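Hi there,

Here is the structure I promised to pass on. Have a look at it first, then read my notes below with the model open beside you.

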Amino acid sequence: MTQKVAVLGTGKIGEALLSGMIRGGWAPSDLLVTARRRERAEQLHARYGVEAVSNAEAAKSADTLILTVKPQDMGALLRELAPHVPVDRLVISGAAGIPTSYFEERLATGTPVVRVMTNTPALVDEAMSVISAGSHASAAHLTLAEEIFATVGKTLRVPETQQDAATALSGSGPAYFYFLVEAMTDAGILLGLPRDKAHDLIVQAAIGAAVMLRDSGEHPVKLRENVTSPAGTTINAIRELENHGVRAALIAALEAARDRSRELATGNG
């Protein structure tokens, strides 16, 4: 790759992306990292052979800047970067809830910005990264963002107006599944299974169901019906889920996550 890319604020997701890029063909010499703590920067240099620099140095020398700091830290980072970011730099934001206009207002007029919402399965190369263009980003900028994030999973382009919904569904999505596995594990214990066996049973059921959803092409209703025999065990369980409003609770939960993403965009953090 001829692009020099800098990952700023390299935490767990930033490091996963860095590792994925190297495995995907980027040379360590074309990658820069920044970190708040010197020990962290030294660790990344030792682990991946990349150069650790200051935020200002990254802005001056990299062609693409990937900002992976938390939303509440983004304002301070942009104030630090703004004097050093030329208008031809591509800025990729991974911060939940913050629109591309926020960056465009704080950087040089015309700076291309791409917004990406990825999720923690990036740590195991199974991320879902949702990508949107700012007003100055071209098709080439979107393609480059896709190439970078494809090293840790799948990518999907959406209009920026759909980013808050995507954050609720996909960005936060893994947490909902972990919550469900936790509840089902407790149920398994209640039914008399040891915790480790209940955990193994549920995790493999989740993996198998996910692969079937991905590979079969069948609607989830059809796949569920295939498991649901007349007067059988599954339909009794489904009845209780419906009686307890689980479907409605999930819809309400995702609406709450979307609304919080919108609040972050307005600075109500």
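**Two helices side by side**

Let's start with a pair of helices: α7 (residues 163-171) and α8 (residues 173-190) pack at an angle of about 35°, and their axes are 5 Å apart. On the α7 side the residues that meet α8 are A168, L169, S170 and G171, and their counterparts in α8 are G173, P174 and Y176. Sorted by class, this contact has four nonpolar residues, three polar ones and no charged residues. If you wonder why I quote both an angle and a distance, two packed helices are described by the angle between their axes and the distance between those axes.

Which residues of α7 are buried? They are Q163, D164, A166, T167, A168 and S170. The cover over these buried residues of α7 includes β6 (113-117), β7, α8 and α12 (246-265).

**The whole thing**

One caution before going on: this is a predicted model. The protein has twelve helices and eight strands. Its C-alpha trace spans about 70 × 40 × 35 Å along the principal axes. Of the 269 residues in the protein, 38% are buried. Take the contacts with a separation of 6 or more: 64% of them are between residues 24 or more positions apart.

**The sheet**

In what order do the strands line up? The eight strands form an open sheet in the order β3-β2-β1-β4-β5-β6-β7-β8, with mixed pairing. β3 (51-52) and β8 (153-157) stand at the edges with a single partner strand each, so one side of each has no neighbour in the sheet. Helix α4 packs on the sheet, where α4 touches β1, β4 and β5, and the direction of α4 makes about 155° with that of β4.

At the β8 end, strand β7 (residues 127-133) pairs with β8 in the parallel sense over five bridges. In that pairing, A127 stands opposite G153 in β8.

Now look at strand β4 (residues 64-67). Four bridges join β4 to strand β1 (residues 5-8), and the two run parallel. Across that pairing, L8 stands opposite L67 in β4. Four bridges also join β4 to strand β5 (residues 90-93), again running parallel. There, the bridge partner of T64 is L90 in β5.

Are the two faces of β4 covered or open? Both are covered: T64 and I66 are buried on one side, and L65 and L67 are buried on the other.

First, find R40 in helix α2 (residues 38-48). Buried or exposed? R40 counts as buried because its relative accessibility is 14%, and the cut-off for buried is under 20%. Its side chain makes a polar contact with the side chain of E15, at 2.8 Å. Leaving out neighbours within four places in sequence, R40 is in contact with T10, G11, K12, E15, A35 and R47.

Then go to K197, in helix α9 (residues 195-216). K197 is partly exposed, with a relative accessible area of 48%. From K197 to A175 is 22 residues in sequence and 22 Å in space, C-alpha to C-alpha.

Most residues other than glycine have a negative phi. With that in mind, which way does phi go at D125, positive or negative? D125 has a positive phi of about 60°, although it is not a glycine. You will find D125 in the loop between β6 and β7, and D125 is partly exposed, with a relative accessible area of 28%.

A231 has a positive phi of about 60° too, and is not a glycine either. A231 sits in the loop between α10 (220-227) and α11 (233-243). At 79% relative accessibility, A231 counts as exposed, as the cut-off for exposed is over 50%.

Notes: Residues are numbered from 1 along each chain as its sequence is written. This is a predicted model: local features need pLDDT of at least 70, side-chain atom pairs count only at pLDDT 80 or more; totals for chains, interfaces and linings use all residues. Side-chain values use heavy atoms; hydrogens and water are left out. Buried means under 20% relative accessible area, exposed over 50%, partly exposed in between (1.4 Å probe, protein chains only). Two strands pair if DSSP finds at least two bridges between them. Axes are lines fitted to C-alpha atoms, for helices over the stretch in contact, and angles run from 0 to 180 degrees between N-to-C directions. Contact means heavy atoms within 4.5 Å. Ala, Val, Leu, Ile, Met, Phe, Trp, Tyr, Cys and Pro count as nonpolar, Asp, Glu, Lys and Arg as charged, and the others, Gly among them, as polar. A polar contact is a pair of N or O atoms within 3.5 Å; within protein, one must be able to donate a hydrogen and the other to accept it, and residues adjacent in sequence count only if both atoms are side-chain atoms.
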